[in-house]
Amino acid sequence: GRRRRMKRTAPRSTLRKIIKKYKPQLRLAANTDLLFSSILTFFSFSLLKVHLNFLLFLNRLAEEARINAFEKKSKIIKPEHIIVAAKVI
């Protein structure tokens with residue numbers, strides 16, 4: 001049967017620039033759609049992991065700051081509550 005081309009999520013030149021930035025030692029051929037797809041998937045997964053870790057950190061920081069504000073009998077989370085919470089984490 002006919003081979004279907006994989007859909008690219010970004011222009012090839014953009015993908016090449018991204019790959020060269022993070023993996024300058026890679027030598028890319030002109031027809032590297034499969035390579036682009038797998039590397040883009042890897043970078044996307046890595047970025048999602050970083051984003052998720054950051055969101056979990058912010059959630060924990062907010063919770064610790066809320067607890068700290070409550071212990072100090074404050075109804076508002078103030079910068080000093082966040083600073084104390086950041087030292088605990």
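This is a predicted model: local features need pLDDT of at least 70, side-chain atom pairs count only at pLDDT 80 or more; totals for chains, interfaces and linings use all residues.
**View 1. R66 and E63 meet in a salt bridge.** Start with R66, which is found in helix α2. Its partner here is E63, and the N to O distance between the two side chains is 2.7 Å. The pair also counts as a polar contact between side chains, again at 2.7 Å. Like R66, with its relative accessible area of 43%, E63 is partly exposed, because its own value is 35%. Enjoy this view, for the structure holds one salt bridge.

**View 2. R66 and A85 across the sequence.** Along the sequence, 19 residues separate R66 from A85. In space, their C-alpha atoms are 8.8 Å apart.

**View 3. S74 in the loop between α2 and α3.** Helix α2 covers residues 33–71 and helix α3 covers 79–88, with S74 in the loop between them. Is S74 buried or exposed? Its relative accessibility is 17%, and since buried means under 20%, S74 counts as buried. A polar atom of the S74 side chain lies 2.7 Å from the backbone oxygen of I76. Leaving aside residues up to four places away in sequence, S74 touches A69 and H81.

**View 4. H81, a buried residue of helix α3.** H81 counts as buried because its relative accessibility is 5%. Which backbone atom does the side chain of H81 reach at 2.9 Å? That atom is the backbone nitrogen of K78. Not counting residues up to four places away in sequence, H81 touches A65, N68, A69, K72, S74 and I76.

**View 5. A nonpolar patch on the surface.** Here you can pick out five names to find: F54, L55, F57, L58 and I89 form this patch. Together they have about 420 Å² of accessible area. One of them, F57, lies in helix α2. F57 counts as partly exposed because its relative accessibility is 36%.

Terms used:
Residues are numbered from 1 along each chain as its sequence is written. Side-chain values use heavy atoms; hydrogens and water are left out. Helices (H or I, at least four residues) and strands (E, at least two) are DSSP runs, numbered from the N terminus. Buried means under 20% relative accessible area, exposed over 50%, partly exposed in between (1.4 Å probe, protein chains only). A polar contact is a pair of N or O atoms within 3.5 Å; within protein, one must be able to donate a hydrogen and the other to accept it, and residues adjacent in sequence count only if both atoms are side-chain atoms. Contact means heavy atoms within 4.5 Å. Patches are made of residues with over 30% relative accessible area and no salt bridge: like charges are joined within 9 Å, nonpolar side chains (Val, Leu, Ile, Met, Phe, Trp, Tyr) within 5 Å. Accessible areas come from the Shrake-Rupley method with a 1.4 Å probe; for residues, only the protein chains shown count as cover. A salt bridge is a side-chain nitrogen of Lys or Arg within 4 Å of a carboxyl oxygen of Asp or Glu.
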